[in-house]
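Let's take a walk through this structure together, looking at its pockets and at the ligand. Have a look at the sequence and the model before reading on.

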Amino acid sequence: MAEITFSKDKKLIFSAIQPTGTFTLGNYLGAVKNWGPLQEEFNCIYAVADLHSITVKQDPVKLRQNSLQAYALMMACGLAPERSILFFQSHNRHHAELSWVLSCSTQFGELSRMTQFKDKSQKHADNINAGLFTYPVLMAADILLYNADFVPIGADQKQHLELARNIAQRFNQRYGDFFTLPDPYIPKVGAKVMSLQEPTKKMSKSDENPNACILILDEKDAIIRKFKRAVTDSDTEVRYAEGKDGINNLMTIYSIVTGRSFEEIEKDFSGKGYGDFKLAVGEAVADHLEPVRTEFSRLINDKAYLKKCYTEGAEKAMMISQRNLSKVYRKVGFVDAR
Ligand code: TYM
């Protein structure tokens with residue numbers, strides 16, 4: 001039987017990622033890269049949000065492959081199953097159960113205001129399903145089920161987190177204090193990595209132009225090629241300034257992977273053209289991701305080990321969530337099952 005090694009004195013972190021293909025550089029810099037270091041200071045629970053992913057059409061064979069890949073990638077990015085709880089959301093049925101209860105504390109109007117719902121319903125106009133609409137309630141359930149204190153996410157998930165707080169608050173007012181109000185944990189730099197082709201839009205795996213998005217398993221030459229083609233501006237100076245969205249984005253990415261400040265980058269590249277800078281960014285990103293790619297190839301070939309990790313992960317997650325869900329059911333007024 002799996003055992004939880006969490007310390008009672010530490011605050012709890014929860015976050016998740018959808019298995020809709022290899023992680024993008026945006027997923028990585030905005031979220032997953034930050035999850036590993038948090039394991040030092042916090043008790044951490046991280047999930048592959050496979051339930052969320054079927055709100056848009058998925059090929060079942062690909063979804064299973066992508067889900068396993070996402071799990072192995074989380075580990076390759078530094079998450080350790082001995083320290084954190086790592087599991088598939090669909091392996092813990094309490095998420096869906098709490099989601100139902102919370103949906104009865106969520107207003108239609110609130111969900112209608114979610115910008116991601118509006119964007120996605122435009123993009124998938126032929127499939128505006130109920131799951132797409134109630135998606136943020138399931139996300140609230142993910143977080144509240146463990147009474148997480150902090151949720152490390154990119155800027156695009158902030159509105160969903162605010163909704164989760166509102167739902168928790170409403171539940172607490174109605175049934176008595178129970179849920180912790182979770183705080184977002186959004187990085188100061190890299191919270192919104194932009195598309196390399198349209199730098200006013202966020203980098204996204206659903207972008208149709210493959211040059212717009214770096215996938216963290218891309219080969220070095222593909223990474224360099226995409227950065228070389230990155231859209232910039234007609235200026236020539238590597239400088240962080242308003243209106244230079246493309247360069248600002250490249251400087252942000254370069255700064256995170258090299259640890260150089262914007263001032264240092266401006267000095268390093270003064271008198272050099274955009275071409276030199278783009279090449280440097282491409283090389284730095286490829287080198288930074290190399291260990292992730294290597295570790296990923298090792299892990300994805302060890303299916304038995306992965307299975308052991310995610311089975312134990314789900315057992316541990318359920319030990320925590322079972323207690324919390326039972327308390328919620330009592331508060332709501334359901335008859336005790338045992
Ligand atoms: P998802 O799978 O779209 O993205 C995973 C994480 O990556 C961040 N992210 C970005 N950060 C910076 N720049 C970008 N271009 C960029 N693109 C994505 C996201 O903000 C996110 O943190 N609904 C969530 C998954 C989820 C979840 C949860 C998250 C399900 N339950 C509970 C937190 C807590 C989602 O679709 O993320």
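This is a predicted model: local features need pLDDT of at least 70, side-chain atom pairs count only at pLDDT 80 or more; totals for chains, interfaces and linings use all residues.

Helices (H or I, at least four residues) and strands (E, at least two) are DSSP runs, numbered from the N terminus. With those names in hand, helix α6 gives the most to the lining of the largest pocket, namely six residues. A pocket here is found on a 1 Å grid over the protein atoms alone: it is an open set of points where a 1.4 Å probe fits, with protein on both sides within 12 Å along at least five of seven lines, and its lining residues have an atom within 4 Å of a point.

Residues are numbered from 1 along each chain as its sequence is written, and side-chain values use heavy atoms, with hydrogens and water left out.

Back to the largest pocket: about 1,500 Å³ of space lies in it, a volume being the space filled by probe spheres set on the grid points, which are joined across faces, edges and corners. It is lined by 49 residues, and Gln-116, Asp-156, Gln-157, Lys-202 and Ser-204 lie nearest its centre.

Where does the ligand sit? It sits in the largest pocket, meaning that more than half of its atoms lie within 2 Å of the pocket's grid points. Around the ligand are 25 residues, the closest being Gln-18, Tyr-135, Asp-142, Asp-156 and Val-193; to be near, a residue needs a heavy atom within 4 Å.

A side-chain N or O atom of Tyr-135 is 2.6 Å from a ligand oxygen. A ligand nitrogen has a polar side-chain atom of Gln-157 at 3.3 Å, and a backbone N or O atom of Met-203 lies 3.0 Å from a ligand nitrogen. Taken alone, the ligand exposes 710 Å², and the protein buries 96% of that (Shrake-Rupley method, 1.4 Å probe).

Finally, visit the second largest pocket, with a volume of about 360 Å³. Its lining includes Ile-4, Phe-6, Tyr-146 and Arg-323. Helix α13 (residues 303–332) provides the largest share of that lining, three residues.

Technical notes
A polar contact is a pair of N or O atoms within 3.5 Å; within protein, one must be able to donate a hydrogen and the other to accept it, and residues adjacent in sequence count only if both atoms are side-chain atoms.
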